Amino acid sequence: METQPTVRRSDGPLPEPEELMEIAYEVGRDYLRWRPRLSEADGEGNWIQLFRADRIGVWAISWQHMPPGTGFLDHEQVRGAVYVARGALTHERARLGTAPHTTEIGAGNAFCFDETFYHRMHAARDAGPTVTVHVFATPAAQGAGGPGPLPYAPSS
């Protein structure tokens, strides 16, 4: 059976980053159900799409480390969240005029972001294979089509 977050359709703006983080937690905590679809991290890693509806997409990524020289990622026009299902990430958020803010995010934890987010991340040192869930909400012009945004409500 496919992992699918609880969907509540409405016409309106994109879901807030915190709502997307609820989805990331909901899917990430269901790791044992979708884990067989994702191969163990090998080199730079593997990814699969778990769910897609209109402008919302959910992916799982399994990786050891990002390739050398990976730069900061700009999430222009995209809101999202990342949940660590296994292992740990070193997360660096860019800050204008100063060193990046660096945190380690371990299994069972998440972070969310809005359209202004600029960051990079990699598997934390000695964390072993790391598996993450990524939830993204894109504007209509970038989405997969359909009737509009899909705010999600976590399962009860």
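## Asp30 and Arg33

Asp30 is partly exposed, with a relative accessible area of 24% (partly exposed lies between buried, under 20%, and exposed, over 50%, using a 1.4 Å probe and protein chains only). Its side chain meets that of Arg33 in a salt bridge at 3.3 Å, N to O, where the term requires a side-chain nitrogen of Lys or Arg within 4 Å of a carboxyl oxygen of Asp or Glu; Arg33 is likewise partly exposed, at 36%.

## Basis of the model

This is a predicted model, in which local features need pLDDT of at least 70 and side-chain atom pairs count only at pLDDT 80 or more, while totals for chains, interfaces and linings use all residues. Residues are numbered from 1 along each chain as its sequence is written, and side-chain values use heavy atoms, leaving out hydrogens and water.

Four bridges join S4 (residues 79-86) to S7, and Tyr83 stands opposite Ala110 in S7.

Arg79, which is buried at 15% relative accessible area, forms a salt bridge with Glu16, with the closest N and O atoms 3.6 Å apart. Because Arg79 lies in strand S4 and Glu16 in the segment before H1, this pair ties together parts 63 residues apart in sequence. Arg79 also meets Glu115 in a salt bridge (2.8 Å, N to O), and salt bridges that share partners join Glu16, Arg79 and Glu115 into one network.

Key: Two strands pair if DSSP finds at least two bridges between them. Helices (H or I, at least four residues) and strands (E, at least two) are DSSP runs, numbered from the N terminus.
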